[in-house]
Amino acid sequence: MEWHQQETDQSIENLNSSLKGITHDEAHKRLDEWGRNELMEKEKKTLFMMFLDQFKDFMILILIAAAVISGIIGDLSDTVAIVVIVVLNAVIGFIQEYRAEKAMATLKKMAAPYAVVIRGGAPSTIPALDIVPGDVVSLEAGNVVPADMRLLESAQLKIEEAALTGESVPVEKHTAVIRDASAPLGDRKNMAYKGTFATYGRGTGIVVSTGMGTELGKIATMLQEEMEVKTPLQKRLASFGKKLALAVLAICAIIFAVGIVRGEPLVLMLLTAISLAVAAIPEALPAVVTISLALGAKKMIRQNALIRKLPAVETLGSVTYICSDKTGTLTLNRMTVEELYVDGKFTKAILSPVKSRNPEEPPALKPYDMLMTALALNNDAREDSSGKVIGDPTETAPYSFAKNAGFHKPELEREFPRVSEIPFDSERKCMTTFHRVVKDEGAGFEYISFTKGAPDILVGKARDILASDGLLRVDADGISRANELMASQGLRVLAVAMRRWKDLPAEVSPGAVESGLTFVGLIGMMDPPREEAKEAIGLCKSAGIIPVMITGDHPITARAIAKKLGIIDDDHKAIINGRELERLPLEEFEEKVEHIRVYARVAPEQKLKIVKALQDKGHFVAMTGDGVNDAPALKRADIGVAMGITGTDVSKEAGHMILLDDNFATIVKSIKEGRRIFDNIRKFIKYTMASNSGEIWAIFLAPFLGLPIPLLPIHILWINLVTDGLPGLALSAESSEKGIMNRPPRHPKESIFAHGLGTHIIWVGLLVGFATIFTQAWSIKTGHAHWQTMAFTVLCLGQMGHVLAIRSESESLFTQGLFSNKPLSGAFILTFALQMATIYVPFLQPIFRTEALTFNELMFALAMSSVVFIAVEIEKIFKRRSADKYPVI
């Protein structure tokens, strides 16, 4: 049997303990047997091994090989550039992994440092690390629960469990047996769990689990066992790198063989093949990816999104599902009064109370005034020096509501000072306060009592009901229907009643005073949804992203919030609770998972199960949350989004990004930024691969057309240096395409060459190659001795024309504005100037084997260079005329 199913005596017997606790000697034996009450960490990697792991990526290994080859052939500038890029990436990766290791350390901080235990019948304060199963622990308001306990005594004990279960209000505890073996953690009200804390009352419990055996320990185990999945970009680049390496090696081998067969010098062909291999590998790609992500992360901080792990920026663009915790993420994590039932009528109270009171006038004996007076006085809430209301959420919400209506507790207490009270307890399910009426003014009574509690309890204690027409007979059925209607909307309903007294009763006890009451009204409270979250969810849907709510709260409350936010309509099949989820076999659950929109009353391991099931169906999942219970799922998700204000340190360490304003809407801005960044990375790949393939085609095809090899190794390496670097990096600053949030997410398994990118690379590469070869052939045929310099210039500047043309998928450069991307404009001007320097600066000519071109030769080379720009602009005209309204990248 589970501990919550056992009677207290049975639990004590099973743990070989007693109400006096265990002896100190027995505690030492159990400490040796069970170990210390702490969260254990798996063996960590050394910092050096963590750093070395950053060099295992296939693309990084290719770059290291390219650096070695560049050094061998004497091109030290390329070697240095590649080494800097590789080390920079390794450092960034190392920092991210080191930060992730801190999640466990943060989880351990939640443990209580000391606890009061009863050993041998005497209380003793000991380090919480030394607590063992069988110890009897005393709890008071403000204590952190040191271990998992079966409660033996509860005196109005309330425990805040939001971080563990998602329950938005403190849970009132009792000691009665709970028969349901599969009751969720939030419903096990006779248990107290390690890491939660007592907010009210006192109690004692017997320790049933310590350390890694506690519910917090189970989360720690999941957190350590869960491996982070690779981001879409990491997967695509790994696949791209492998295919590229094989293709480049094959092509270079063919070029080398063809050159030897044609009788070219062996050393020249070897250097040409190696230079081409180095040039074909886009060594700037990791730098472009890193810089794009870093710039995106910097921009997102201004939008209140802090990126902890750089790849998360791009991952947002691939997200197909957002699984969001309800409490504090989609809601305000603050109880508010939403609806009133008074004088036989419902009144919505979402925005403001229906009317305000003049503080100078005493409350009238009318339903609304008496209800507001009761809400203001019948609570233990108070304001601190800053005006913040302190107390239980179910008391602070009515207090604040009454205050906003002009019924301020400090003012009313001068008119109705409290003289006695009967505190709330879970058996009576109500609370009563007595007040002396100072401003009698012929009211006919000197004392008034207000009682609030469960509606079904108070209706049974009521004799009449206060209406605007006076006192009427209680309509129990009508009040019950009103209660059911409010509860069906996910509201937490409290009833309010009153009773007038000529004299203070001699015995202020529940049996004596909580009867013959006058029913006043009902209030419905809720942790309301964020207004901006509703708009954000609408934007998610327009972007093809499915929002899902995952919560530890009750199904009725979850359904009400989900309907208000627009996550579900009236589809009851879209909601499932933790108990149903537990009974579902994995195969059957995976069949249903894409149709479920709300998960209620779920345990931490079930959140993880949901994320995994969606990933198994091929989806990229973002998980938002703020509690300890969210941490394993945050880590497992493709992107974990932690809350910056209400989030626990554990969730922040486990997440990939943190919302600094706890605003769900910030995610939508981040998704847009992620899509823009991936678009720009694809543009760089499109640019660099078309450029590199142009070089390969020119060198590969020239011998077959009876022409000499058009470029020397120095030309290849120079083009590689000046065209791949700055212009490519400048593409990362390109603004987002029009309609970027009106297209669906990229398919998770989609190739990086999808949507025509591969085709574009092939035809543009061929065009660049043919433009180069045509220039070479025309120059030789017409007797121009500078044919190699002309071919060199056409190949270099043709790539610059291409980079200007691909700034947008469909919009013309002239519509965008020539200087709208200033970094790219600067890179273009600099590259053009450097290319002209290699041709016309005398001391550079022997280094680059160039000769000064005549004016006509230069004009011809510039005309041939512009062919690619013109062709791509024509392609975009056809795209704009196509049926697609928005570009698909």
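# Notebook: confidence, a helix pair, cavities

**Entry 1, confidence.** I began with the protein chain of this predicted model. Confidence is lowest in helix α6, residues 102-109, where the mean pLDDT is 49. It is highest in strand β6, residues 191-192, at 95. I then looked up the chain as a whole. The average pLDDT is 83, and 88% of the residues score at least 70. I also checked residues 885-889. There pLDDT stays under 50. For this stretch the model has 17 contacts beyond four places in sequence.

Next I turned to helix α31 (residues 787-805) and helix α33 (residues 822-840). They pack with their axes 11 Å apart, at an angle of about 180°. Angles over 145 degrees count as roughly antiparallel, so α31 is roughly antiparallel to α33.

Which residues meet? I listed both sides. From α31 come Thr789, Phe792, Thr793, Cys796, Leu797, Met800, Val803 and Leu804. From α33 come Leu824, Ala827, Phe828, Thr831, Phe832, Gln835, Met836, Thr838 and Ile839. I sorted the residues of this contact by type. There are 12 nonpolar and 5 polar residues, and no charged ones.

**Entry 3, cavities.** How many cavities of 30 Å³ or more does the structure hold? I found 3. The largest cavity has a volume of about 70 Å³. I looked up its lining, which has 10 residues. Closest to the centre are Thr165, Leu185, Gly186, Val602 and Ala603. The lining of this largest cavity divides into 6 nonpolar residues, 3 polar and 1 charged.

Note on methods
Residues numbered from 1 in each chain as written. Predicted model: local features only at pLDDT ≥ 70, side-chain atom pairs only at ≥ 80, totals over all residues. Heavy atoms only, no water. pLDDT = per-residue confidence, 0-100. Helix = DSSP H or I, 4+ residues; strand = E, 2+ residues; numbered from the N terminus. Contact = heavy atoms within 4.5 Å. Axes fitted to C-alpha atoms, helices over the stretch in contact; angles between N-to-C directions. Parallel < 35°, antiparallel > 145°, perpendicular 65-115°, else oblique. Nonpolar A, V, L, I, M, F, W, Y, C, P; charged D, E, K, R; others polar. 1 Å grid on protein atoms, 1.4 Å probe; cavity = no way out; pocket = protein on both sides within 12 Å on 5 of 7 lines; lining within 4 Å. Points joined across faces, edges and corners; volume = space filled by probe spheres on them.
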